[in-house]
Amino acid sequence: MLKRETLPYAEWTYRIPEGEIRRLLKYQVKYYFGGGLPGALPIRQLAGIIEEIGRELLSDIGEGNKASSLQLFNYNKTPGLDSLRKLFLKRLVERQHLPFDPETDYHRVLVTNGAQQALYGLLDSIINPGDYILSAAPSYLGFVTPAVKLGGNVVCCPSDENGLTVEGVEKAIAAVKREAGTVPKILYIVSDSDNPSGTTLPQDRRKAFFEIAQRENILIVEDGAYKEIQFGKKRLNPIKAYDTENRVVVYLASTSKEAGVLRIGYGVYPAEIGDMVEKAKGYYDLCSPVLNQVIAERYYSLDLDQILGEVLGIYRERCGAMLEALGSFFPKGIMTRPTGGFFVWWETLPGVNFDSKTFNEKVAIPNNLLFVPSHAFFPPEGLVVDARGKLVSAKPHTNGMRLSFSAVPKERIFEGIEIMGNLLKKHLKQL
Ligand SMILES: Cc1ncc(COP(=O)(O)O)c(C=O)c1O
């Protein structure tokens, strides 16, 4: 982090550290269980689309028509191409039962430069310094860290093997009301195959959170980044499916995991909130590139279930390999059993003294292994509800690991987890 004496930069630059995942990217190791990079993508289809677009443009140019190229390599509207917004909404209606009509409601969809921009834009548009935000512990650092940067008070709510608990969220709301005389503004939830915990929220909890948010006038930000990366046939309806009046939930999705990193996110917003985030986006980047949007439009017009089948099969196999290897080679601990997404969460049993950050730096990385330690998934300064129902400073959990299986071939997962398991057993005995 910067030292205040060097130059008078903005206050947050002294307060907020570099994201741990970005920091760890500098290490090149053989067994990389760190960042959640897509390790299997429909590259043939994407390459085919790029070739097709290139041929069409060259043919137009050959015929003296430059208009199509100029349009493609240009700026367009801030909220995204209308045709793409309609297509995204149609997809969400058909696959996830969102209560909208794509033809008339597509202006509720905003295309952003990745879902990350939408998360930032939402926080930037809604949070004033001192406002309260609820999120799981552990939580996606791309949400909680910007929330703290903007002055928000992040209350870390307990989660179990099924994700955020209803009881924990109710307690947090009560504590904020009691101590701050206000209600939290946002409840952030990654409902399917959470990053980092790998958990999927059961349908009854989705309904309960919707009802709580409606009752308390809290905005749910439902992040569906891994919604399409599901290993089985079972699909749960998003929380947004309950939002028939489009007032309680913002639903965010990303193309990054299912179509490559085109830097395209898409979200469905209650009207006013969508307008505010669009205004914010206008100041971040004016608008998303047209070329990427056209690639996305052609990609999402294909039969994706068939195309993604192969990709999902690879992730399913890698996840299975990681779970099996963890069961065989790691010491006794607690781990999640994801049904989708990119991550498994592992932590030591209660009472075991383990600092995963030190283990990563001192043992794993020097042995060609890398994961993301649990402390990275807590806000730089956060709150938690203690046993007496009081809001106190949150201490990041130090005894866990996020292990990413998405970009590592099956055999390498086995090898790496065996090596790490042996080192870990030795390390824990030495403590
Ligand atoms: C839960 C979650 N939300 C949002 C994002 C950001 O997605 P995008 O690549 O669309 O910006 C990620 C990326 O890893 C993520 O894991």
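The model is a predicted one: local features need pLDDT of at least 70, side-chain atom pairs count only at pLDDT 80 or more, and totals for chains, interfaces and linings use all residues. Residues are numbered from 1 along each chain as its sequence is written.

**Two domains**

Let's begin with the overall layout. The protein is divided into domain 1 (11-42 + 306-379 + 393-430) and domain 2 (73-302), with bounds that come from an automatic or database domain assignment. Taken over C-alpha atoms, the centres of the two domains are 25 Å apart. The contact takes 30 residues from domain 1 and 31 residues from domain 2; two residues are in contact if their C-beta atoms, placed from the backbone, lie within 7 Å.

Which elements give two or more residues to the side of domain 1 that touches domain 2? They are α14 (304-329) and β11 (343-348). Here, helices (H or I, at least four residues) and strands (E, at least two) are DSSP runs, numbered from the N terminus. Helix α14 gives the most to this side of domain 1, with 6 residues. The residues of the side of domain 1 that touches domain 2 divide into 19 nonpolar, 8 polar and 3 charged. In this count, Ala, Val, Leu, Ile, Met, Phe, Trp, Tyr, Cys and Pro are nonpolar, Asp, Glu, Lys and Arg are charged, and the others, Gly among them, are polar.

**Two helix pairs**

Now look at how some helices cross. Axes are lines fitted to C-alpha atoms, for helices over the stretch in contact, and angles run from 0 to 180 degrees between N-to-C directions.

The axes of α7 (residues 114-126) and α8 (residues 141-149) come within 10 Å and cross at roughly 30 degrees, and α7 and α8 are therefore roughly parallel to each other. Angles under 35 degrees count as roughly parallel, over 145 as roughly antiparallel, 65 to 115 as roughly perpendicular and the rest as oblique. Their crossing is right-handed, a term for the near helix being turned clockwise from the far one by less than a right angle. On the α7 side, Q116, L119, Y120 and L123 meet G142, F143, P146 and A147 in α8. The residues of this contact divide into 6 nonpolar, 2 polar and no charged.

In the other pair, α3 (residues 43-62) and α13 (residues 290-300) pack at about 120 degrees, with their axes 10 Å apart. Helices α3 and α13 are therefore oblique to each other. In α3, Q45, L46, I49, I50 and I53 meet V294, I295, R298 and Y299 in α13. The contact divides into 7 nonpolar, 1 polar and 1 charged.

**Around the ligand**

Of the 13 residues around the ligand, G114, A115, Q116, S254 and S256 come nearest; a residue is near a molecule if its C-beta atom, placed from the backbone, lies within 6 Å of it. The shell divides into 4 nonpolar, 8 polar and 1 charged.

| Residues joined | Omega |
|---|---|
| A137 and P138 | about 5 degrees |
| N195 and P196 | about 20 degrees |

P138 is found in the loop between β3 (132-137) and α8, while P196 lies in the loop between β6 (186-189) and α10 (203-216). Where is H97? H97 lies in the loop between α5 (82-96) and α6 (102-105), and its phi is near 55 degrees, a positive value in a residue other than glycine.
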